[in-house]
Amino acid sequence: MTRIAVYPGSFDPVTKGHADLVTRALAFVDQVIVAVAVNSAKQPLFSTDERVALLRETLEHPGVEVQAFDGLLVDFARGVGARVILRGLRAVADFEYEFQMALMNRQLAPGLETVFLVPAFDLTYLSSSLVREVARFGGDVSQLVHPAVVRALKKKFAT
Ligand code: PNS
């Protein structure tokens, strides 16, 4: 039986933190489906298509698939046959939001487990929002994201 995990998020844009999490997950699942939320409450910098394209370019691995999804995450997970939702837990600040989501998702789909993974130490304080902020003002984010993302950010913020 193929063990499938869904890794949902906004990925606006994908960072080395996300890539690290996917690599860690592939140690215990056969397939990671990276699920890009279309209807995120946030106003994304990159369009859904751009976020999907950057993920596909940066997470090239036979066990990784990238799809956009709309609506409830649990419905998407059921549709792709996943038994696990993956989320990264970086710092204490993440905990309450993540706990709330995990409990709500369990309420909606009792058979689906949320598994939290701890990122690499040096990526613990990395977030897409910080990357966007630094890139917006011309800072160097090349240590934090794939070169394709550096290019995309430069293009986005070119005046
Ligand atoms: O990267 P983010 O923005 O923290 O990811 C949040 C995301 C996309 C995982 C969450 O907003 C989500 O699951 N959205 C889909 C709609 C849904 O199922 N909402 C109920 C979650 S409890």
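Let's start with Glu113, which is partly exposed at a relative accessible area of 37%. Keep in mind that this is a predicted model. Glu113 pairs up with Arg106 in a salt bridge, and the closest N and O atoms sit 3.3 Å apart. Arg106 is partly exposed too, with a relative accessible area of 43%.

That pair is part of a count of nine salt bridges. Another joins the side chains of Arg24 and Asp20, with 2.9 Å from N to O. Why are these two about one helical turn apart? They lie four residues apart in helix α1, so roughly one turn of the helix separates them.

Now move to Arg87 and Glu98, whose salt bridge has its closest N and O atoms 2.8 Å apart. This one ties together distant parts of the chain, with Arg87 in strand β4 and Glu98 eleven residues away in helix α4 (residues 92–108). Buried or exposed, what is Arg87? Arg87 is buried, at a relative accessible area of 16%, and Glu98 counts as buried at 4%.

Arg87 also takes us to the ligand. There are 14 residues around the ligand, and the closest are Ser10, Lys42, Leu73, Arg87 and Tyr97. A polar side-chain atom of Arg87 lies 3.0 Å from a ligand oxygen atom. For Tyr97, a polar side-chain atom is 3.2 Å from an oxygen atom of the ligand. Leu73 uses its backbone instead: a polar backbone atom there is 2.8 Å from a ligand oxygen. On its own the ligand has 540 Å² of accessible area, and the protein covers 76% of that.

On to the nonpolar parts. In soluble globular proteins, nonpolar side chains tend to be buried together. Here the largest nonpolar core has 34 residues, and the members touching the most others are Tyr7, Val32, Val34, Leu55, Leu86 and Leu153. Elements supplying at least two residues each include β1 (4–9), α1 (16–25), β2 (31–37) and α6 (147–157). The largest share, six residues, comes from α6.

Beyond its neighbours within four places in sequence, Leu55 contacts Phe11, Val14, Val34, Val36 and Val66. There is also a second, separate core of 14 residues, with Val6, Ala37, Phe69 and Ala109 among them.

Key
Residues are numbered from 1 along each chain as its sequence is written. This is a predicted model: local features need pLDDT of at least 70, side-chain atom pairs count only at pLDDT 80 or more; totals for chains, interfaces and linings use all residues. Side-chain values use heavy atoms; hydrogens and water are left out. A nonpolar core is a set of buried Ala, Val, Leu, Ile, Met, Phe, Trp, Tyr and Cys residues joined through side-chain atoms within 4.5 Å. Buried means under 20% relative accessible area, exposed over 50%, partly exposed in between (1.4 Å probe, protein chains only). Contact means heavy atoms within 4.5 Å. A residue is near a molecule or strand if one of its heavy atoms lies within 4 Å of it. A polar contact is a pair of N or O atoms within 3.5 Å; within protein, one must be able to donate a hydrogen and the other to accept it, and residues adjacent in sequence count only if both atoms are side-chain atoms. Accessible areas come from the Shrake-Rupley method with a 1.4 Å probe; for residues, only the protein chains shown count as cover. A salt bridge is a side-chain nitrogen of Lys or Arg within 4 Å of a carboxyl oxygen of Asp or Glu.
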